[in-house]
Amino acid sequence: MTAPAAAPLAPPRPLPGGGGERDGVARAATVTAALMAAGALCGLLRDQTVAHLYGAGGDTDAFLVAWTLPEVAATLLIEDGMALLLVPAFSVALARRAAGAAQAAGRAPADPVRALLAATLPGLLLVLTALAGLLALGAPLVVRLLAPGIADPGLAADCTRLTALTAFTFGISGYLSAVLRAHRCFAPPAAIYVVYNAGIVGTALALHAAWGVRGAAAGVAVGSALMVLLQLPFFLRRLPVLVRPAARAGEPAADIALRSAARTRAAGASPPVRAADLGRTAGRAGMTGGVTAGVAAGPPLPAAPDGCATPAVRSAAGSRLVLGAGLVAPVALFALSRQAQVLVERFLASALPPGAISHLNYAQKVAQLPMTLSLMICTVTLPLVARAIAEGDTRAAARRVERDLTLAAALVLAGAAYVAAFAPQIVELLFQRGAFDAHATAATAAVMRVYALGLLGHTLVGTLVRPFFAAARPTWYPLAAMSAGLLITVAAGVPAVPAWGAPGMAAANAVGITVTAGLLLHGLRRRMLPLRPARVLGTLGRLLPATAAAGVAGWGVAGAVAAPALAAGLGAVLVPAVFVAAARAARVPETDVLLTAARRAVRRGTRNRKRKQGR
């Protein structure tokens with residue numbers, strides 16, 4: 001199915017704040033980081049609430065098996081799959097809108113963004129609805145597949161029926177996030193986990209006395225619906241459903257359409273989407289195959305230099321963006337294979353004593369906070385990379401990716417040093433209350449220290465995979481690399497779990513994801529972009545001694561200070577300071593970039609406080 005060819009309209013609004021692309025990226029990254037940090041803190045509050053209400057035993061294990069569905073859905077439909085597929089697609093459509101020539105006079109302007117929306121959203125709604133229903137109906141089978149050794153499969157099935165709704169709501173939320181990010185609107189997508197976790201906490205507190213751990217599962221469903229409601233007004237502001245302007249006496253229909261499009265362009269939005277267009281597209285596309293969304297017919301995109309493949313975003317006629325099974329399948333299967341590491345962990349850990357799955361979960365959630373914050377860099381820059389590749393400027397895309405790799409690595413390694421040094425204090429402060437006792441603290445901290453070893457690998461995978469799919473062309477290499485890492489995780493985990501328990505499973509995870517990161521770095525240079533792997537690896541090599549120095553300094557403070565709150569607070573100052581000093585001594589230029597960004601954020605915050613005080 002092919003949507004009508006479209007004429008270019010206004011380009012998307014620039015990043016807020018002006019001052020050029022670099023300032024815009026920095027400002028967007030700051031806003032995204034702040035909101036993602038708020039979401040992460042809300043996630044900690046959620047985990048604290050679950051730990052306090054239900055502890056780390058059989059009931060929590062049952063909930064966490066059901067929690068696997070939203071975890072998989074988040075990876076597939078929000079964080080990786082939907083974003084990797086649709087952010088480049090909408091970015092290319094926006095680029096073609098800006099670069100193409102106008103259609104003949106007297107004809108109503110069409111829009112490639114609107115055509116892409118009409119070609120993808122209706123079918124997605126049908127697929128997500130069917131998937132959520134099937135998961136709810138098949139909850140007992142899902143539990144048997146995920147955790148055959150779970151102590152209470154009936155409770156796990158009840159929780160799974162409630163969390164199955166996320167297959168629908170996460171899909172819609174991920175779609176809205178991708179469209180908004182392509183339009184360079186980053187705040188609402190970054191804030192979705194704030195309302196999501198708030199919904200879980202509020203519902204769990206309200207229902208735990210009557211429903212037990214099922215109240216937490218119901219909170220997952222409530223929170224996922226709030227994610228959609230948060231983004232929907234911003235989405236409609238940029239891609240509004242058409243409200244026909246009032247006709248003037250004797251005015252041709254084409255002039256009415258032109259006047260409507262001009263009004264929406266003046267407001268900074270994409271031209272409106274007619275409900276009839278969506279309905280017709282859904283009827284034609286059906287459920288049988290991929291869709292081809294029209295993008296603006298205009299000047300052909302330039303060829304990629306340096307022997308790298310040109311972006312396969314146009315048909316033989318150079319005017320269509322293909323979103324068929326050949327493009328969707330590699331992205332979806334990669335996202336599933338990445339999340340399969342969690343499935344492997346819970347499958348193998350289900351044979352351990354009750355509580356092991358909970359220890360893995362709490363440790364992973366806390367240990368991965370530095371990774372989550374570091375990946376906000378490539379979240380903001382993905383539309384820029386996608387546009388550079390679409391325009392054939394692979395050298396600019398490669399330099400952007402190299403910069404993202406080193407910045408993200410610096411952030412995550414500093415966080416890993418802190419996590420490894422202060423794991424017991426962090427877990428005690430966050431979770432040790434109510435049903436979460438000192439034994440659970442010790443077990444979770446041991447796992448968390450091992451997870452810290454794999455944080456760099458996870459961050460590199462998250463950064464490296466985006467350029468593979470930013471070209472909007474089918475590629476199976478990321479799936480092959482992730483599958484190789486997953487096989488290593490399984491091969492290492494099978495003997496490690498009986499021997500060392502949950503820490504052995506965390507170690508197998510770290511080994512597998514690190515192998516995947518190496519394969520992706522190698523493949524990206526060979527297949528996509530003119531990267532300089534030696535430069536990237538050299539920078540990482542200089543950051544590792546800085547990480548070791550920061551970790552040793554933090555470990556000394558953790559052993560010398562008895563009070564966990566004081567120790568963790570001192571470490572939060574000492575570890576980054578030692579890391580930055582050692583990295584600057586090793587001549588890592590990205591540390592200066594991070595320091596400059598931090599100083600700007602502090603100055604901006606100071607100015608805002610003074611402005612508020614002046615009022």
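The model is predicted.

**Exercise 1.** Describe the secondary structure and the sequence range of the contacts.

*Solution.* The protein has 24 helices and two strands. Among contacts with a separation of 6 or more, 84% join residues 24 or more positions apart.

**Exercise 2.** Determine how helices α22 and α23 are oriented and which kinds of residue form their contact.

*Solution.* Start with the axes: those of α22 (residues 533–560) and α23 (residues 564–585) come within 8 Å and cross at roughly 155°. Angles over 145 degrees count as roughly antiparallel, so α22 is roughly antiparallel to α23. Next, the handedness: α22 passes α23 in a right-handed crossing. The contact includes Leu-543, Ala-550 and Val-557 of α22, and Leu-570, Val-578 and Phe-579 of α23. Its residues divide into 14 nonpolar, two polar and no charged.

**Exercise 3.** Carry out the analysis for helices α19 and α21.

*Solution.* The axes of α19 (residues 455–470) and α21 (residues 502–527) come within 8 Å, crossing at roughly 30°. This crossing is left-handed. Among the residues in contact are His-458, Leu-464 and Phe-468 of α19, together with Asn-509, Ile-513 and Leu-520 of α21. By class, the contact of α19 with α21 has ten nonpolar residues, six polar and no charged.

Notes
Residues are numbered from 1 along each chain as its sequence is written. This is a predicted model: local features need pLDDT of at least 70, side-chain atom pairs count only at pLDDT 80 or more; totals for chains, interfaces and linings use all residues. Side-chain values use heavy atoms; hydrogens and water are left out. Helices (H or I, at least four residues) and strands (E, at least two) are DSSP runs, numbered from the N terminus. Contact means heavy atoms within 4.5 Å. Axes are lines fitted to C-alpha atoms, for helices over the stretch in contact, and angles run from 0 to 180 degrees between N-to-C directions. Angles under 35 degrees count as roughly parallel, over 145 as roughly antiparallel, 65 to 115 as roughly perpendicular and the rest as oblique. A crossing is left-handed if the near helix is turned anticlockwise from the far one by less than a right angle, and right-handed if clockwise. Ala, Val, Leu, Ile, Met, Phe, Trp, Tyr, Cys and Pro count as nonpolar, Asp, Glu, Lys and Arg as charged, and the others, Gly among them, as polar.
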